[in-house]
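Dear colleague,

The structure is handed over below.

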Amino acid sequence: MQEQKPISAQDILEKYDKENQFRTNIGKWAWVVTFLGVSLTVFHLYTAYFGTLPSQKQGAVHLGTALGVIFLLYPVKKGMLKVQKKIPWYDISLAFLAMYVTYHKIFFYESILQSRISGYNTLDIIISLLGILLVLEATRRTVGLPIVIVASVAILYAIYGKFVPTQILSHPGFSIDRTATALWYKESGIFGTPIQISAKFIFLFLFFGVMLVQTNIGKFFNDLAFALTGRYTGGTAKTAVVASALQGSVSGSSVGNTVATGSFTIPMMKNAGFKPEFAGATEAAASTGGQIMPPMMGAAAFIMMEYLGVSYGTIMLAALIPAILYFTGIFIGTHFEAKKLKIHGLPKSQLPSFRKLMKKNWFMLLPLIVIIGTIMYGFTPQRAALFGVVTAFLVSLVRQETRMSFRKTINVLEQGTRVALPVIAAVATAGVIAGVVSMTGLGSKFAAGVIELSNGYLILALFFTMIACLVLGMGLPTTANYVVTATIAAPVLINEFGVAPIAAHLFVFYFGIAADITPPVCLAAYAGAGIAGANPFKTGMIAVKLAIAAFIVPFIFIYNPILVMVEIEPVMLVFSVIAAVIGMVAISSSMIGYFIRNSKIWERFILFIAGIMLILPEITTTIIGIVLIVAIWFIQHRRTDDDYGLQSLTGNISTTN
């Protein structure tokens, strides 16, 4: 049998990540794409320093230019990528049409404002209809069909709501003209909060990530993680977790993270003795968690800041402890799996030196230090991102291999726009859904439905909200998922059940992210499986086990918001964090089936219960949880059904040599 050719990282990205299915050979139009891409990045850098335009104008430049580039780069369907040798005339026409209908808001800004009072004319209606259709098509090309279907159903609901059979959800319906103009011209639709935040903050932070790549910080993070964890039991898997947490904190793409870091870590894990499914799952779970890892987090965190009316520093602090618990669960899970399989660490001679790495490359951390410091000091995220970009540029000058020539600078500026295209399209389409919710009062109708289904019980309302987030996450990118659930579901938890606002928003944010590793549609796990040559569904199931904190911790911080820095008492906070980390050790042990020895079914059940009790920040439950863990420890310690001796639970155990 002929040996199968290994799949490249780029092939994996093109297969599982819609964002990477773009044309590479576009001939003379490459100059147009470069001009538009560079212009948009420069525009955002300029407005970050000198001040943004009025929100509608800023959003129009942001979205209109992005739509033009999308139609030039992304074909009607993936199969045309290798068939078409040039951009077809209809995509060129769509690109310029999309820019015109969007820039129309700038050229006729005053008259459009007046039309809100006097009424829109025929041209306004035609432009709004074209604008909506072009946004949906651009989103389909860059993100995929599911989100477009959700948005289309929302539009149909706005027009034909009276035909909805459920009385709670039915409404009289609006005309096509009114629906189109409301979604295109009013601030609750496509040009609402999501696209405004994308135009002010998200683009700059995505460009900051591009600048960090230019400094080779990705390789530095990988080497740093290797130096810190490689010598311990299951060191290659722990390296994957740490590297993915570091990279993910500045990236925000689950699939992109999985491929970028996984190309390095997954083969190492397989060579060390981990099964392909476990290797792919570890990388997918850790890479997905990057979106909840401060300082950068996912793009939705910036929209959350605007929805809640709090600083980005507040969002970062609130997300910190849940993120620590998430990665603790994965880290400890890899430790127990390694103990179970007797996979040791690597000898010190094969590992980079942490001291030498820091001595040689410490300056690479300066952009992150600057961006965290400026945000915590009180600068706006926009200004902080600008300072971070400038610092990253200065850092790139230190080494000759990262120093940018004029041509490379142009390429980096263009890349800043390219990486933002799917996010811009996704938040614009999410704005359609949010606009329909605002027009039709769907939020209050949804609230009534949830209350009726849950019979007033918070736990049931949380469960239904979780399911909604996971189902939406099968087709919607995290940012769009968050916009929809934050518009519909989060207000229910806040207004009807008295949940702390930041806890409610982090709840829907978490489960929107968890959808990336939750079967049956779990793109990050599929990407990890592709690199590992593993079964995709099994990889997804293992990823869920490793990332169990993502399914447990959100419920905990709803009931005890101290974990998201609400109602803080310093002593209780320290106690809660320590207890919760120990609880995650017990839960991870339960998921893997190993503690200090292989665990029986009933032992795994008790460890799981004990872990839950420890995560609940209460004295009584903590004591019970510790007693249960100690009891299982003694039972397993006295048992001689395998040859494992007493080992530390922290992972700091003896190395191979």
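The lining of the second largest pocket is made up of 22 nonpolar, three polar and two charged residues (nonpolar: Ala, Val, Leu, Ile, Met, Phe, Trp, Tyr, Cys and Pro; charged: Asp, Glu, Lys and Arg; polar: the others, Gly among them). A pocket here is an open set of points on a 1 Å grid over the protein atoms alone, where a 1.4 Å probe fits, with protein on both sides within 12 Å along at least five of seven lines; lining residues have an atom within 4 Å of a point.

This is a predicted model: local features need pLDDT of at least 70 and side-chain atom pairs pLDDT 80 or more, while totals for chains, interfaces and linings use all residues. Residues are numbered from 1 along each chain as its sequence is written, and side-chain values use heavy atoms, without hydrogens and water.

The second largest pocket holds about 690 Å³ of space, counted as the space filled by probe spheres set on the grid points. Of its 27 lining residues, Leu169, Leu442, Phe446, Ala468 and Ile488 lie nearest the centre. Helices H7, H19, H20, H21 and H22 each give two or more residues to this lining, and H20 gives the most, seven. Helices are DSSP runs (H or I, at least four residues), numbered from the N terminus.

As for disulfides (pairs of cysteine sulfur atoms within 2.5 Å), the count is zero. The sulfur of Cys522 has its closest cysteine sulfur in Cys469, 17 Å away, which is too far for a bond. Cys469 is buried, at 0% relative accessibility, and Cys522 is also buried, at 0% (buried: under 20% relative accessible area, 1.4 Å probe, protein chains only).

Regards

Notes: Buried < 20%, exposed > 50% of the residue type's maximum accessible area, 1.4 Å probe, protein only.
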